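Biologist: I have a model open and would like to learn how to read its features one by one. Please give the general idea first and then the case at hand.

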Amino acid sequence: MEASSKIHRDEKSSSYVNRVNGWIDQYILQQPLLPQQQQQTTTTTQPKSILKSGWFRFLVVIYISFSVLFTAVHFSSWVFTGSSRDAWTYQRTYDPLEPYSLVTDMSHGLKMSKLFSQAHYDALKYIEPYWQKAQQVPNPLDVTIITTSTPETWTDLVNLAENWNGPISATLHLSKFEKESVKAKIETEYQANPSLFKNVDLHLVETPGVKQSVSIMVPLNVERNLARVYARTDHVCDLPLNTLLATDLRQTLTINQNKYAQLMKAGDMLVIPTFKHTIGHELPRTKKELVGLVQNEKSLALYDPHYDLNQGPTDFETWKNSNNLYKVTKYTMEYEPIVIQSKTVQPWCSERFVDKRSACLLSSYLAGNDFLVLPTDFAVYKPNAAANAVISDLDNVIEKRLYAKFYWEQCVYQGRQLDALGLWNTIKSEHIRQQCSRVIQNWGKEQPNYNTTHYPYKTEPRFQPFTENPVQTEDFVNPTYRSIGLDEREKRTYELVVCQQPLHARMCGFGEKDRRPIDPPPIVQLIVKQQGQENPVDVQMLQIPFFVLHVTLWSDDRTEERNIISNPPKCTRVLMGSLVSSPSLLKNPEGEQGLYFAFPDLSIRTEGRYTLRFSLMKLANSDFQENAKSKIVAQVFSDPFTVYSAKKFPGMTESTELSKAFAKQGLKIPIRNDVRARKTD
């Protein structure tokens, strides 16, 4: 019995071995089946003997078994541990908040010296951002007051926090010679005052080896940039601590939040008129009261530093009679008002100056941005208050000479920027032409020749023809829709032309089976031209896959969007089909090559008069990130057309020559060669 069972086991094991050998012979050695093939193979080459060896076949079996086991282990861990595919996504290694970022290996002083290159490294390494951080997270559309303080002006900062009751980003400049008790006292008071620990972000600046708080080691312009870069809102206001906001500025900003946000996003700056006491200490709270004190009692006067009282560019007479924002038209290079501006759009303060607020604003004005004066709000310098910072007479002389060179440098730099962006012959260069005429003459540029037909826009870098709520001023009119868009970075214009207009359509109702496309199918051509050239750009030079055209449904007068209709118990799309199209490189019936977008399967659920709006987008690298939004480059409307009910629909028309030409080139578009007239009653 034992011998027979042993023989049975040997036979069974040999059968498994034979089966594995058969698989190897079939899938690896691939032995020929026919006798003719066997003879032919024998006469040519013999398979390598190693493939028939037992060791090779044994290793193959081990490899396959290990692979199956390895795959099973990984699959089970992926299923049962709950790890998602997001954990496998490649991340950017330069994110400073991630532990694997290369920035993490930099010392704190090195990071600060890169941010503020004009300050001394030994002083920058003692900077401590968010030494005390506010508990409340501000609204991004709010305005953060940025300011600089010292132990001597700490009380003024406390008063400002209590009166402003909003976000503040302030630097606290201490010398290493200050006693630790001073620092501890400030920290204790900060923690005990709700106005401070709720709203004020305090950034510590300590300078070694220097007794005075203002020095070239960490200039005040560096501190202004420090407070601004760590502000947590989109808008900032550089307010000296020796001034008082006399009116409820926060209420004004809240009421006009959207309007002012658009102006600042465009680069403009909101000026807070500032007044100074001549006699007395009375603090007015309304514009009417202030005007009386200025004109009748002569106890207050409009004060623009470096100008005579009531004679500065803010212009008291214009402000007195104004109920709306107005532009500063008498700007000079010394003008340094208190302004509210965008945190990100405006140029940063030049850090070569110890204390020069006008240098923070000059670059922005030469770039084409305006000073817009607030008509009802104002600030007042504290009576008998000294300046926040006092620099030596020698530093004053050096600052003036440096600023004269800086002014010349900015004229050249901003002029080259505008010329490179293709904005030299536009209204954007008006300021630099007025302020830098002598520099421009030496530079060899032409006289003003504004081409407002091609460049009517003064907002937004790069793609700038369209805004949902355009800001209207006396000299700036933004049309609602245009067919030509401008890319300032590449200096190209993008024009959309509806070369095949929709004629009519049959409503498809709320079912999904009987869908009738718009007849004829809309086709839009994209024409790209290099700025200043008449001929279109060679389409082979374009990144064709990155262009996308989106279509939406509008009323026939182009004022209302009609994409959604209420169909209880839910809302339903009115425009059906593929609403996005990619460009195709095709030739029209005349043999001219171009980029065309086709929408062959659009249908509409309800009857009525409509028009289609086509919006062109060019995808960039940033558009492929999470929650990214693409900017619209150009838009164009189709002609109005009618959607009929089933009974009233006159019938489909014969396909156009354009449709037939594109269909022959492989474009999927329906073609009708014979059209039968519908029977009418």
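Predicted model: local features only at pLDDT ≥ 70, side-chain atom pairs only at ≥ 80, totals over all residues.

Biologist: Charged residues bring me to salt bridges. How many are counted here?

Modeller: Side chains of opposite charge can pair when their charged atoms come close. The cut-off used is a side-chain nitrogen of Lys or Arg within 4 Å of a carboxyl oxygen of Asp or Glu. By this rule the structure has 12 salt bridges.

Biologist: Which parts of the chain does the bridge between aspartate 355 and arginine 224 tie together?

Modeller: In that salt bridge the N to O distance is 2.8 Å. Aspartate 355 sits in the loop between β11 and α14, and arginine 224 belongs to helix α9, so the pair ties together parts 131 residues apart in sequence. Arginine 224 is buried, at 10% relative accessibility, whereas aspartate 355 is partly exposed, at 23%. A network of salt bridges links Arg224, Asp238, Asp355 and Arg357.

Biologist: Where are the two partners of the bridge between lysine 382 and aspartate 156?

Modeller: The side chains of lysine 382 and aspartate 156 meet at 2.9 Å, N to O. This pair links distant parts of the chain, 226 residues apart: lysine 382 is in the loop between β13 (379–381) and α15 (393–420), and aspartate 156 is in helix α6 (residues 154–164).

Biologist: Is lysine 382 buried or exposed?

Modeller: Lysine 382 counts as buried, because its relative accessibility is 17% and the cut-off for buried is under 20%. Aspartate 156, at 23%, counts as partly exposed.

Biologist: And what about the pair of arginine 562 and glutamate 560?

Modeller: Their closest N and O atoms are 3.0 Å apart, and they form a salt bridge. Arginine 562 is partly exposed at 33% relative accessibility, and glutamate 560 is partly exposed at 43%.

Biologist: Turning to the surface, which residues form a nonpolar patch?

Modeller: Trp55, Phe58, Leu59 and Ile62 form the patch, with about 510 Å² of accessible area together. Tryptophan 55 is in helix α3 (residues 54–80). Its relative accessible area is 69%, so tryptophan 55 is exposed.

Biologist: What should I read from the backbone angles? Where is a cis peptide bond found?

Modeller: For a peptide bond, the angle to read is omega. The bond from aspartate 519 to proline 520 is cis, with omega near -15°. Proline 520 is placed in the loop between β16 (504–506) and β17 (523–530).

Biologist: Which phi value does lysine 298 have?

Modeller: Its phi is near 55°, a positive value in a residue other than glycine. Lysine 298 lies in the loop between α12 (287–295) and β9 (300–302), and is exposed with a relative accessible area of 53%. Histidine 306, also not a glycine, has a positive phi of about 80°. Its place is the loop between β9 and α13 (316–321).

Biologist: Last, the buried residues. Where is leucine 196 found?

Modeller: Leucine 196 is in helix α8 (residues 194–199) and is buried, with a relative accessible area of 0%. Its C-alpha atom is separated by 8.9 Å from that of isoleucine 168, 28 residues apart along the chain. Leucine 293, in helix α12, is buried at 3% relative accessibility.

Methods. Residues numbered from 1 in each chain as written. Heavy atoms only, no water. Patch = residues over 30% accessible without salt bridge, like charges linked within 9 Å, V, L, I, M, F, W, Y side chains within 5 Å. Areas by Shrake-Rupley, 256 points an atom, 1.4 Å probe, with all protein chains shown as cover. Helix = DSSP H or I, 4+ residues; strand = E, 2+ residues; numbered from the N terminus. Buried < 20%, exposed > 50% of the residue type's maximum accessible area, 1.4 Å probe, protein only.
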